[in-house]
Amino acid sequence: MRLKDISLHNFRNYIDQTLQFSDGINVFLGENAQGKTNLLEAIYVLALTRSHRTSNEKELINWQSQTAQLKGTIQKQLGKVPIELDLGTKGKRAKINHLEQAKLSSYVGQLNVILFAPEDLSIVKGAPQVRRKFMDMEFGQMSNRYLYNSTQYKKILRQRNRYLRDLQHKVQSDKVYLDVLSDQLSAYGAEIIYQRIQLLKKLEGFAKNVHTEISQGKEALTFLYQTAVPDEQLTSIENIYQNLLKQFADIKEKEIQRGTTLLGPHRDDLKFAINKKEVQSFGSQGQQRTTALSVKLAEIDLMKEQTNEYPILLLDDVLSELDDYRQTHLLTAIQDKVQTFLTTTSLSGVQQELLSNPKIFRIANGKVNLEES
């Protein structure tokens, strides 16, 4: 998969901008606050219909306008696919091959991207919600079924939490309706948990190989998915569903008292271990960075396995966060494999001998000029 071009209209500080990309490495070069990360964000938004930087979509639209538009052409194995995303006060409209999509979920997955930014180190050492978001965003790109179940789960969860608060404050008294919501939440939750476990097993396999190579065989990386469902019940969707349903029945009064849903995939976590020691708590900063890098590189192979297309890699000022050894491994691993977009304030900190014929875009004050590499 390659992104051949992108057109931005009233997106952030870009009024009208069209860029043609290299199939290899594309470098957005410029000082801070000039717009290079905005370009990377535009690719991310075009792919996933949401930003990795803000949940307020008004921030994506230039302050002088009410709407923004992103267009791109994707080169896939079966040919070129034009895609388009319109952002406005009335929501989002997405098109594939010039045909408007009734649901955004049918649009997501056309352009698959993997973003690696300095804050992605928090995948390892950050709060559990960071890792849950990581799983939902990445697995949702790989599987329409996962995306659908995740969307429905969040919708039912909001309804159930509202109803629990109503029961807590005695605005409502019908606990039968709570049982209905518990049943629905258990059904979608079981699907999510089962699919997370299956995909994490595969991701772990790829990440183990990468980590072994980076650590020169000295370290073994393992994953542990933490959920309220006992291990022996994780063998099938039906078993997980029945267990969640039983647990919801057991803690019904406690949840009403607390006014919130106390278990389910929205409270699960993912732990990483090196040589059987938990990286979050006991790993050095170097080990945490190597783990994050291993996971990100493993995503490339997992996405290729799941979609039969390599994703596009977005590196937002991440090279400056990696030492020479890890930087070398990253650039060697992606060379001639995936189309890459990276932002940097200077190429002096990048091992340029590892950048094979990069296409360099210099950005200043929201203006883009193509440089000779």
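Which residues are linked with Arg-131 in a network of salt bridges? Arg-131 is linked in this network with Asp-269, Lys-271 and Glu-278. A salt bridge is a side-chain nitrogen of Lys or Arg within 4 Å of a carboxyl oxygen of Asp or Glu. The model is predicted, so local features need pLDDT of at least 70 and side-chain atom pairs count only at pLDDT 80 or more, while totals for chains, interfaces and linings use all residues. Residues are numbered from 1 along each chain as its sequence is written, and side-chain values use heavy atoms, with hydrogens and water left out.

**Salt bridges**

- Across the whole structure, a search finds 20 salt bridges.
- Asp-136 and Arg-196 form a salt bridge in which the closest N and O atoms are 3.1 Å apart. This pair links distant parts of the chain, with Asp-136 in helix H3 (residues 128–142) and Arg-196 in helix H5 (residues 175–214), 60 residues apart. Helices (H or I, at least four residues) and strands (E, at least two) are DSSP runs, numbered from the N terminus.
- Asp-136 counts as buried at 15% relative accessibility, and Arg-196 counts as buried at 2%. Buried means under 20% relative accessible area, exposed means over 50%, and partly exposed lies in between (1.4 Å probe, protein chains only).
- Lys-252 and Asp-179 meet through their side chains in a salt bridge of 3.0 Å, N to O. Here too the pair links distant parts of the chain: Lys-252 is in helix H7 (residues 252–258) and Asp-179 is in helix H5, 73 residues apart. Asp-179 is partly exposed, with a relative accessible area of 35%.
- Arg-93 forms a salt bridge with Asp-86, and their closest N and O atoms are 3.0 Å apart. Arg-93 is partly exposed at a relative accessible area of 37%, whereas Asp-86 is buried at 13%.

- Strand E1 (residues 2–11) and strand E4 (residues 68–76) run antiparallel and are joined by 7 bridges. Two strands pair if DSSP finds at least two bridges between them.
- Arg-2 has Gln-75 as its bridge partner in E4.
- E4 also pairs with strand E5 (residues 79–88), in the antiparallel sense and over 9 bridges. The two strands form a hairpin with 2 residues between them.
- Gln-69 has Asp-86 as its bridge partner in E5. Asp-86 is also the salt-bridge partner of Arg-93.

**Strands E9, E10 and E11**

- An open sheet is formed by 3 strands in the order E9-E10-E11, with antiparallel pairing. Its edge strands are E9 (221–226) and E11 (277–278), each of which pairs on one side only.
- Strand E10 (residues 269–274) runs antiparallel to E11 and is joined to it by 2 bridges.
- Ile-274 has Lys-277 as its bridge partner in E11.

**Strands E3, E14 and E15**

- Strand E3 (residues 25–29) pairs with strand E14 (residues 359–364) in the parallel sense over 4 bridges. Leu-29 stands opposite Arg-362 in E14.
- E14 pairs with strand E15 (residues 367–371) in the antiparallel sense over 5 bridges. Phe-361 stands opposite Leu-370 in E15.
- The hairpin of E14 and E15 has 2 residues between the strands, and Asn-365 takes a positive phi near 55 degrees in this hairpin.

- Lys-103, Lys-155, Arg-158, Arg-162 and Arg-165 form a positive surface patch. Patches are made of residues with over 30% relative accessible area and no salt bridge; like charges are joined within 9 Å, and nonpolar side chains (Val, Leu, Ile, Met, Phe, Trp, Tyr) within 5 Å.
- For charge, Lys and Arg count as positive and Asp and Glu as negative, while His and the chain ends are not counted. The place of a charge is taken as NZ of Lys, CZ of Arg, CG of Asp or CD of Glu.
- Arg-162 lies in helix H4 (residues 144–168) and is partly exposed, with a relative accessible area of 45%. Accessible areas come from the Shrake-Rupley method with a 1.4 Å probe; for residues, only the protein chains shown count as cover.

**Ser-122**

- Ser-122 is found in helix H2 (residues 122–125) and is partly exposed, with a relative accessible area of 24%.
- Ser-122 and Ala-292 are 170 residues apart along the chain, and their C-alpha atoms are separated by 8.3 Å.
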